[in-house]
Amino acid sequence: MKSYRFMRSIVVFDLPVGTKWQRRQATRFRKALLDDGFEMLQFSVYTRICLNRDSAEKHLSRVKKFAPNTGSIRIINITENQYSSMAVISGGKSAQESKVTTEQLTFF
């Protein structure tokens, strides 16, 4: 039986939007993240659950392929336990955060 250690890939970015071309590039990047299974946590912060480190690395490669050449884009992979211990200072947990739990993912 294969062991799964759920991870969260978190993409944080700051892209220029001063020109029409830059806005188009930023929009394409956000849409590509959504197409790859990421969901918006906050503006310019997208996250997705990955089954393990190999899956997280696969998505890192994909993000590198569709990332624009300008701006700042960072990705961090953390365990689901680390992600679930995040403190929410203002506002509340988004629907995305309470939509899927690791217990629900163990059905695979």
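Predicted model: local features only at pLDDT ≥ 70, side-chain atom pairs only at ≥ 80, totals over all residues.
1. Helix H1 has 16 residues and spans 22 Å from its first C-alpha to its last, close to the 22 Å expected at 1.5 Å a residue. The expected span of a helix is 1.5 Å times one less than its number of residues. Helices (H or I, at least four residues) and strands (E, at least two) are DSSP runs, numbered from the N terminus.

2. Residues are numbered from 1 along each chain as its sequence is written, and side-chain values use heavy atoms, with hydrogens and water left out.

3. Which residues of H1 are buried? The buried residues of H1 are Gln-25, Ala-26, Phe-29, Ala-32 and Leu-33. They cover an arc of only 125° around the axis, which puts them on the same side of H1. Here buried means under 20% relative accessible area, exposed over 50%, and partly exposed in between (1.4 Å probe, protein chains only). The arc is that of the directions from the helix axis to the C-beta atoms.

4. The face of H1 turned away from its buried side carries Lys-20, Arg-28, Lys-31 and Asp-35, which are exposed. The buried residues of H1 pack against E1, E3, H2 and E4, where contact means heavy atoms within 4.5 Å. Just after H1, Gly-37 takes a positive phi of about 95°.

5. The sheet is the next topic. Four strands form an open sheet in the order E2-E3-E1-E4, with antiparallel pairing. E2 and strand E4 (72-79) stand at the edges with a single partner strand each, so one side of each is left without a neighbour in the sheet. Neighbouring strands of this sheet are turned by 30° against each other on average, direction ignored. Helix H1 (residues 20-35) packs on the sheet, touching E1, E2, E3 and E4, and its direction makes about 175° with that of E1. Axes are lines fitted to C-alpha atoms, for helices over the stretch in contact, and angles run from 0 to 180 degrees between N-to-C directions.

6. Strand E3 has a partner on each side. Strand E1 (residues 7-14) and E3 pair in the antiparallel sense over six bridges; strand E2 (residues 39-42) and E3 also pair in the antiparallel sense, over three bridges. Two strands pair if DSSP finds at least two bridges between them. Tyr-46 in E3 is the bridge partner of Val-11 and of Met-40. Arg-8 stands opposite Ile-49 in E3, and Glu-39 stands opposite Thr-47. Two residues lie between E2 and E3 in the hairpin that they form, and Ser-44 in the turn has a positive phi of about 65°.

7. Is strand E3 (residues 45-50) mostly covered or mostly exposed? E3 is mostly covered, for six of its six residues are buried. In a regular strand the side chains alternate between the two faces of the sheet. Val-45, Thr-47 and Ile-49 point one way from E3, whereas Tyr-46, Arg-48 and Cys-50 point the other way, and all are buried.

8. Why does Thr-47 count as buried? Thr-47 counts as buried because its relative accessibility is 0%. The side chain of Thr-47 reaches the backbone oxygen of Ser-9 at 3.4 Å. A polar contact is a pair of N or O atoms within 3.5 Å; within protein, one must be able to donate a hydrogen and the other to accept it, and residues adjacent in sequence count only if both atoms are side-chain atoms.

9. Helix H2 (residues 53-66) lies across E1, E3 and E4, running at about 170° to E4. The N-terminal end of H2 is capped by Asn-52, with a side-chain oxygen 3.2 Å from the backbone nitrogen of Asp-54. The buried residues of H2 are Ser-55, Ala-56, His-59, Leu-60 and Val-63. They cover an arc of only 145° around the axis, which puts them on the same side of H2. What covers these buried residues includes E1, H1, E3 and E4. On the other side of H2, Asp-54, Lys-64 and Lys-65 are exposed.
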